Amino acid sequence: MDFWGTVLVLTRRWLVAIPAFLLAVGAAFYAYSTIPVTYTVSAVLVLTAPTSGGTVPPDPGQPVPQVNPLLNFDHGLDVAASMLINVMSTPDMVVEMGVRPDGDTTYAVTNGTNNLESLATGPLVFVEGESRTPEAATRMARAVIERVRQELDVRQRQVQAPRETYITISETVPPTTPVPQEGRKLRSAAAALGLGVIAALCAAFAAESLSAARRAGFPRLPGASREREPEPAGGGQELVTARKPGS
């Protein structure tokens with residue numbers, strides 16, 4: 001059906017379409033008002049190598065230079081950043097950071113994209129804390145930054161890197177001012193309104209189809225009342241003609 005045909009149906013069935021549309025608006029308002037606003041705090045960390053590089057110069061007692069294994073790759077800082085991102089994104093780490101499935105506070109550690117499995121494109125680690133209150137979001141972001149520092153130190157001790165070659169982390173963008181996020185509220189309200197409009201259209205067309213079926217004289221539904229046929233004259237009793245004997 002074309003646009004004007006749809007408008008015509010809605011005009012004829014406005015008693016059905018308008019209440020349905022008002023219900024859709026009410027559902028959208030309810031969805032918008034019930035979903036709480038969350039606040040996010042963002043920070044960017046940068047991994048840096050020591051000024052002396054990733055090796056310790058040899059001395060007479062140590063003829064082989066000592067190398068930090070995490071800096072013994074091409075793009076070694078990128079590898080270290082990718083390692084930290086994956087460590088901080090594991091389910092076990094999420095639980096250790098105090099994030100509960102039914103909780104209000106969460107965090108994200110990324111490489112600046114949504115693809116956590118890809119290698120970081122630079123020695124940058126993006127941290128984001130989210131909660132219903134600005135204070136909780138800031139606390140979460142700072143706790144994640146501190147945990148990233150600890151994890152980097154633990155990994156370098158595990159590979160027995162010389163202390164002089166340790167990678168360090170700096171806050172190139174410190175935790176920002178909490179920013180309210182209303183995207184979830186708007187998406188929920190838009191979804192409720194869209195579904196309500198579809199329901200209003202379906203109700204209007206259903207009413208139009210039912211009216212057309214009645215006008216076309218479709219058979220009545222089973223169990224519908226029927227008009228009683230008129231009874232024959234005489235109350236339905238048959239007339240009996242008496243015969244005379246021998247006739």
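Tutor: Two strands pair if DSSP finds at least two bridges between them. Helices (H or I, at least four residues) and strands (E, at least two) are DSSP runs, numbered from the N terminus. The model is predicted, so local features need pLDDT of at least 70 and side-chain atom pairs count only at pLDDT 80 or more, while totals for chains, interfaces and linings use all residues. Residues are numbered from 1 along each chain as its sequence is written, and side-chain values use heavy atoms, with hydrogens and water left out.

Student: Which residue in S5 is the bridge partner of Thr 110?

Tutor: The partner of Thr 110 is Phe 126 in S5. Strand S4 (residues 106–110) and S5 run antiparallel and are joined by five bridges. Phe 126 in S5 also stands opposite Val 44.

Student: How many bridges join S1 to strand S5?

Tutor: Eight bridges join S1 to S5 (residues 124–131), and the two run antiparallel.

Student: Where else does S1 pair?

Tutor: S1 pairs with strand S6 (residues 168–173) in the antiparallel sense, over five bridges; there, Val 46 has Ser 170 as its bridge partner. S1 also pairs with strand S7 (residues 179–181), again antiparallel, over three bridges, and Tyr 39 stands opposite Pro 180 in S7.

Student: Is strand S1 largely enclosed or open?

Tutor: Buried means under 20% relative accessible area, with a 1.4 Å probe and protein chains only; exposed means over 50%, and partly exposed lies in between. Eight of the 11 residues of S1 (residues 38–48) are buried, so the rest of the structure largely encloses this strand.

Student: How are two packed helices described?

Tutor: They are described by the angle between their axes and the distance between the axes. Axes are lines fitted to C-alpha atoms, for helices over the stretch in contact, and angles run from 0 to 180 degrees between N-to-C directions. Helix H2 (residues 14–34) and helix H6 (residues 183–215) pack at about 165°, with their axes 8 Å apart. Angles over 145 degrees count as roughly antiparallel, and H2 and H6 are therefore roughly antiparallel to each other.

Student: Which residues of H2 and H6 meet?

Tutor: Contact means heavy atoms within 4.5 Å. Among the residues in contact are Ala 20, Phe 21 and Ala 24 in H2, and Ala 189, Leu 193 and Gly 196 in H6.

Technical notes. Parallel < 35°, antiparallel > 145°, perpendicular 65-115°, else oblique.
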